[in-house]
Amino acid sequence: MIPAIPGIAGAWSLRRTLLVVLLGLTFTLWGFSAIIVYLEAWRESQELFDQSLAETGHLLLALAEHEVQEHGVSAALVIPVAQNRSHRQYLLFQVWDTQRRLLYKNAGAPDQAFAAPAEIGYSWRSNAGGQWRIYTSWNHSGKLQIQVAEPASHRQEISSRFALKLLAIGLPMAAMAALAIWWSINRVFRALRRCADEVALRTPDDLANVSVRGAPMEVQPLLQAINRLFVRVRQTREQEQRFTADAAHELRTPLAAIKTNLQVLQRARSDAQRSESVTGLGLSVDRATRLVGQLLTLSRLDPQSQPSPELPVLDLAVVLAEQLPAWMAQAQRQELLLQADLATAPCRLQQDHVLILARNLMDNAMRYTPAGGTLALSCRSEADGVLLCVSDTGPGIAEHLRERVFERFFRAAGAHQPGSGLGLSIVRRIAETHGASVQLDAGPDGTGLVVTLRFPAPR
């Protein structure tokens, strides 16, 4: 059973964040829009109400002027209206002359003027009944004045009905938008959850690609990146399994030789036999030690390593010159001639790894070159990079085997020198981590081997 992963401190929920942001944005925009629509509608309605109030006032003023011209008025005339509360509540008017005599009014209008005679146009007045909108105007001759009053409650009532209708339409629409956002986010995260469950239910050995079918387009790059990671993990695991199997197979040979020499040593009946067994035992131990060292070196080199732009710029000639005296002494002991030509060659290097690379190349050259042979070590800087060459006059490597010798534990048939078959594999791996290439060629006269490494020039 797969253990649950505890929550990580400081972790945040993408689903909750999206819901909060989108829903908050939706309702905020809806609220601002509703307020703007309401205020704009209220302003427009006020203009319409004022225009209607003015038109009504001018119409009544024209009628009153006609009546005065025809019949004259000696006392205030109250124009009766039907006993309808809305008429008395919504519209009251008064007609005054220049002597401030009240000539006409409708039922419900007071005997006192709504506004002062000097006030022309629109104004607001308050009384016990609440706020009133007043419109005052004179006729063309300036002899009659009309004052029309409309209660603010009328306008407020209409504005309230409009606000209720706006809420009745807007709130369901906002709720539908919120539901659509919630459904869309959940649909996306269901696809992510399916992918997560698919990976979570797998065994450690199941590194098959995650299916991208049904996943949103924006999520597919993530799934494809996970699949590419699975491919690299599969390759690394296969390499490790092959490495472990090959290492176990190769270690059997020196261990078997050690066991055999110990058995011979135990049964030896003379000093000569014991000395021979001890010598063989030492050689077997040396071979096992070298193999273990090579295996440890190879295991430290990450198979997924890429050239690092952060490596320091070093002079390859200086790095090789530090080891040159030891190689000269070793070549002299083996009756070999070592020629060195080290010119200044700056490039980006990991010094310890490059020394391992050079030691492997020099060790191979010395082991396979017979006594009296010649070795050459050189480095130089060129326009497109730095060259490192190691050549020998040994038996060389057949052309059809020059690629296979880089495989781990591969040794060409007929190779009688002891070895692990890991040296050139380590060389190639170190070269790859430096962005360098490795090439094997025959010597100038068709014999021997020339190993050429080309390092990129430092930027």
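In this predicted model, strand β2 (residues 92-97) is joined to strand β3 by three bridges, and the two strands run antiparallel. Within this pair, Val-95 stands opposite Tyr-104 of β3. The two strands form a hairpin with four residues between them, and Arg-100 in the turn has a positive phi of about 60°. Five of the five residues of β3 (residues 102-106) are buried, so the strand is largely enclosed by the rest of the structure.

Strand β2 also pairs with β6: six bridges join them, again in the antiparallel sense. Here Phe-93 stands opposite Val-148 in β6. Strand β6 (residues 144-151) is mostly covered, as eight of its eight residues are buried. Leu-144, Ile-146, Val-148 and Glu-150 point one way from β6, Gln-145, Gln-147, Ala-149 and Pro-151 point the other way, and all are buried.

Strand β5 (residues 130-138) is antiparallel to β6 as well, with seven bridges between them. Trp-138 has Gln-145 as its bridge partner in β6. The hairpin of β5 and β6 has five residues between the strands, and Gly-142 in this hairpin takes a positive phi near 75°.

| Strand pair | Bridges | Residues facing each other |
|---|---|---|
| β2 and β3 | three bridges | Val-95 and Tyr-104 |
| β2 and β6 | six bridges | Phe-93 and Val-148 |
| β5 and β6 | seven bridges | Trp-138 and Gln-145 |
| β12 and β13 | five bridges | Gln-439 and Thr-452 |

The strands β12 and β13 belong to an open sheet of five strands with the order β8-β10-β11-β13-β12 and mixed pairing. Its edge strands are β8 (337-342) and β12, each of which pairs on one side only. From one strand to the next, the twist averages 10°.

Two helices are placed against this sheet. Helix α6 lies across β8, β10, β11 and β13 and runs at about 170° to β8. Helix α7 packs on the sheet and touches β8, β10, β11 and β13, its direction making about 25° with that of β11.

Helix α7 also meets helix α8: their axes come within 9 Å and cross at roughly 150°. This crossing is left-handed. On the α7 side, the residues in contact include His-353, Val-354 and Leu-357, while Gly-423, Leu-424 and Val-427 are among those of α8. By class, the contact has nine nonpolar, four polar and no charged residues.

In soluble globular proteins, nonpolar side chains tend to be buried together. The largest nonpolar core of this model has 43 residues, and those with the most contacts inside it are Leu-316, Trp-327, Leu-377, Leu-388, Leu-453 and Phe-455. Among the elements that give two or more residues to this core are α6 (316-333), α7 (351-368), α8 (423-433) and β10 (374-382). The largest share, nine residues, comes from α7. A second, separate core of 13 residues includes Leu-60, Ala-64, Phe-93 and Tyr-104.

The residue Leu-377 touches several others beyond four places away in sequence, including Leu-320, Leu-324, Trp-327, Met-362 and Leu-388.

Finally, Gln-46 is located in helix α1 (residues 14-71). Is this residue buried or exposed? Gln-46 has a relative accessible area of 10%, and because this value is under 20%, the residue counts as buried. Not counting residues up to four places away in sequence, Gln-46 touches Trp-124 and Arg-155.

Conventions
Residues are numbered from 1 along each chain as its sequence is written. This is a predicted model: local features need pLDDT of at least 70, side-chain atom pairs count only at pLDDT 80 or more; totals for chains, interfaces and linings use all residues. Side-chain values use heavy atoms; hydrogens and water are left out. A nonpolar core is a set of buried Ala, Val, Leu, Ile, Met, Phe, Trp, Tyr and Cys residues joined through side-chain atoms within 4.5 Å. Buried means under 20% relative accessible area, exposed over 50%, partly exposed in between (1.4 Å probe, protein chains only). Contact means heavy atoms within 4.5 Å. Two strands pair if DSSP finds at least two bridges between them. Axes are lines fitted to C-alpha atoms, for helices over the stretch in contact, and angles run from 0 to 180 degrees between N-to-C directions. A crossing is left-handed if the near helix is turned anticlockwise from the far one by less than a right angle, and right-handed if clockwise. Ala, Val, Leu, Ile, Met, Phe, Trp, Tyr, Cys and Pro count as nonpolar, Asp, Glu, Lys and Arg as charged, and the others, Gly among them, as polar.
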